Amino acid sequence: MSTNRRRMRVASVVAGIGIVAVLAAGCARGGGSPNDTDDGGAAEASPGITDDSITLGITTPLSGPTAGPGTCTVAGVTAYFGARNAEGGVEFGDGNTRTVEIEALDDEYDPQKAKANYDQLKSSVFAMTAGLGTPTNRAWLDAAIADEVPQVLIMTGDPIFSNQEESPWQLGFVPIYQNEGEAFGELLAGSAEDHKVAILSQNDDYGEGYVEGFKTAIEGADNIEVVKELTYEATDTSVDAQLTELAGSGADVFFNAMSITPLVISSLQKSQELGWLPSWFLPSNTSSPSAILEPGGAAAFPGVYTVAFAQSAAAPTFAESEEGAAFLEQLAEYANYPDVPAFPHCVWSYQIGATLEEVFGNMTEPTRENFMEALRDVSGFTAPLMLEGSTVDTTQDGLPAVSTVQVQKYNGKGYAPAESWDE
Amino acid sequence: MGTFIQLVIDGLSTGSIYAALALAIVLVNQATGLINFAQGGMAVLSAYIAWALNGLGIPLLLAILAAVVISFFLGAVIERYLIRRFERGDPDTAVVVTIGLLTLITGFCAWIWTYNNRLFPSLFPLETIQIAGAVISVRSLGTFIVIVACMLLLQALFLGTKLGLALRAVAINPASAAFSGVNVGRNLMIGWGLAAVLGAVAGVLVAPQLTLTPGMMDSALVYALAACILGGLSSPIGVVVAAWLIGVLENLAAVYVPFIGHDLKIAVPFILIFVVLFLRPQGLFGRKAVVRV
């Protein structure tokens, strides 16, 4: 009797977990259309800032599957300001020199937790920054607008955060997904040959944005044909079936708009197993030479392209450069991150630190309003570790702080700029 | 036809990963009557141990064997000093304890080894064999063979050995087992130890493909639990067959059933579970619990 009942109970627990898993996969695509554009009045000194210190808040995944890039988002900016604090602090435009403190909380890439973290931090920090994730940042977008708390230089390629009407207290840092997809499309459309393209994309804003940008760029190019297009869920453990189907399409170019590191590695391997050897396009956050391309055996393909605006810490020459060496040293010393980061997010958030310092230097009052004004006035700023040709420009509505990207081609070790397809 | 065979083979290969974890869950369930939700976490820990030993210069196969032995003791220790306090109580409490254990182990792995993806060398080469227009990787084949061997050994253990009989007796009725001279505590420790060993096998088989991260087994665990319910918790062969079925049907449904596609395929195992539980509450291969009055 008891065994039977226990089995039933176990079965119901397992079935329950299954339902939650399915729902979680289905609900991953969040929405939200903020309409509150109240710009608020000025206060004497906003919360989180004194004459000698300023506190910044971060909510980002520090555990769970996205924790790798998530810990990087805290490490880079902590390293940057750790080094500045050690030198005495950051000079602000109001004449004060302040140390910069970081308060980082774990949201596990869970929108609910991100909102709770924001609620916990909003009255003690001056601004929220650097946090990674589209659904998580969207979860407290409306609240940040209502509370007039800056949610800036965050790591999501969702265009909503760069639209000033929809997001008056927000600004994205990394290029929107469309920018990256477009760069690939332009490169391919400029090729002298005909190409058949297969696309695999993540079934959310991330994947859709990439594909949208790519398709916009190849519109009217009569040498490009998209022969097969499939999607996958971010929760999938394997995309072997998709690759099998795509391999059958006979495409010579494969655009893999994928954000999950292990899946990219296994895609590269599976494709070789199937004997399908197209040229690859990979997004900037899943194209690390040491963490993805090498284990995936990317050298077997005629070309692997990615887009980037920042140097890759995993490239062999990185540590030899002065900037690179300083970055790695500060990361180890101030952010307790002794490894060479496999994710680009460490470099990005280091650049966010530098951009914030630039903004602080232009602030004339210790208020959030004044900060937002100064933030929207950065142009032509070259943050450390940026690729030549990329700059920070916050002056254009609709675009994030960094919107210029360069296509790069894998050369077996690191990346080299690719001006055209046929070189 | 080539695509169909390829999809079936790919499904068997992914299914084998779920199967390895499912076998470990069945073993603990058979020995203690519990579902161990920490099984995925324990598998990850074992894989990290093997990876760390390999990093110290120990050859891969030896490192894996050492990790398997260490895992046995870890499993036994966890049973003896943690789980035993909850084994005879409310099963719901025990479920919560194992979920807590999962969180703890994941956190522990992240604390020691961080969330960076670690590359785990594969036991099998990255080569392929062509059969009937389909490509089979040696790694998939290797995974498949190891899982079949584990399944057969486990089935033999339960049905053909004194230890297996004792394990089953302890799970079904510890009091009677004790009266018959079975050392209940020792058998429970052995059950957990063996499950940890199976977890270790699953971990080192999966790690080269998924790369080693603390949450590596999370999704696989959901599928493994699905396989356990589908196959019947009392049958090692049943859960392995169910895991294969899930892997294969998921792939085929994604490609050949238009409204499912690759987006909805995660729902396939759970739809299967509902159907099977409705028709056969004990699972496809499970035995009905018989009660004498």
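Helices (H or I, at least four residues) and strands (E, at least two) are runs assigned by DSSP, numbered from the N terminus. Keep that handy, because E148(A) is described by the helix and strand on either side: it lies in the loop between α5 (141–147) and β5 (151–154) of chain A.

**Before you click**

This is a predicted model, where local features need pLDDT of at least 70 and side-chain atom pairs count only at pLDDT 80 or more, while totals for chains, interfaces and linings use all residues. Residues are numbered from 1 along each chain as its sequence is written, chains are lettered from A and ligands numbered from 1 in the order in which they are written, and side-chain values use heavy atoms, with hydrogens and water left out.

**Stop 1: E148(A)**

Select E148(A) and look at its backbone: phi is near 55 degrees, a positive value in a residue other than glycine. Is this residue buried or exposed? With a relative accessible area of 15%, E148(A) is buried. Buried means under 20% relative accessible area, exposed means over 50%, and partly exposed is in between (1.4 Å probe, protein chains only).

**Stop 2: E108(A) and its partner**

Now jump to E108(A), in the loop between β3 and α3 (111–121) of chain A. E108(A) has a positive phi too, about 55 degrees, although it is not a glycine. Show side chains and you'll find E108(A) and K113(A) meeting in a salt bridge (3.3 Å, N to O). A salt bridge here is a side-chain nitrogen of Lys or Arg within 4 Å of a carboxyl oxygen of Asp or Glu. E108(A) counts as partly exposed at 37% relative accessibility, and K113(A) is partly exposed as well, at 34%.

**Stop 3: a bridge between a strand and a helix**

Pick E229(A) and K215(A), whose side chains meet in a salt bridge of 2.8 Å, N to O. This pair links distant parts of the chain: E229(A) sits in strand β8 (residues 224–232) of chain A and K215(A) in helix α7 (residues 205–218) of chain A, 14 residues apart. E229(A) is partly exposed, with a relative accessible area of 39%, and K215(A) counts as partly exposed at 34%.

**Stop 4: D94(A)**

Next, select D94(A), in the loop between β2 (90–91) and β3 (97–106) of chain A. What does D94(A) touch, not counting residues up to four places away in sequence? Its neighbours are M363(A), T364(A), E365(A) and P366(A); contact means heavy atoms within 4.5 Å. For contrast, draw a distance to N223(A): D94(A) and N223(A) are 129 residues apart in sequence and 56 Å apart in space, C-alpha to C-alpha.

**Stop 5: helix α6 of chain A**

Select residues 177–189 of chain A. This is helix α6, with 13 residues, and it reaches 18 Å from its first C-alpha to its last, close to the 18 Å expected at 1.5 Å a residue. The expected span is 1.5 Å times one less than the number of residues. Because 10 of its 13 residues are buried, α6(A) is largely enclosed by the rest of the structure. Among the buried ones are Y177(A), F184(A) and L188(A).

**Stop 6: zoom out on chain A**

Chain A has 13 helices and 13 strands, and 58% of its 423 residues count as buried. Colour by pLDDT, the predictor's confidence in each residue, from 0 to 100. Chain A averages 87, and 90% of the residues score at least 70. Over residues 22–42 of chain A the pLDDT is below 50, and beyond near neighbours in sequence this stretch has 34 contacts in the model.

**Stop 7: over to chain B**

The mean pLDDT of chain B is 85, and 98% of its residues reach 70 or more. Within chain B, confidence is lowest in helix α11 (residues 261–264), at a mean of 72, and highest in helix α2 (residues 39–55), at 95.

Select R84(B) and E79(B), whose side chains form a salt bridge (2.9 Å, N to O). R84(B) is partly exposed at 26%, whereas E79(B) counts as buried at 0% relative accessibility.

**Last stop: the whole picture**

Show both chains together. A search of the whole structure finds 14 salt bridges over all chains. The model scores ipTM 0.71 and pTM 0.75.
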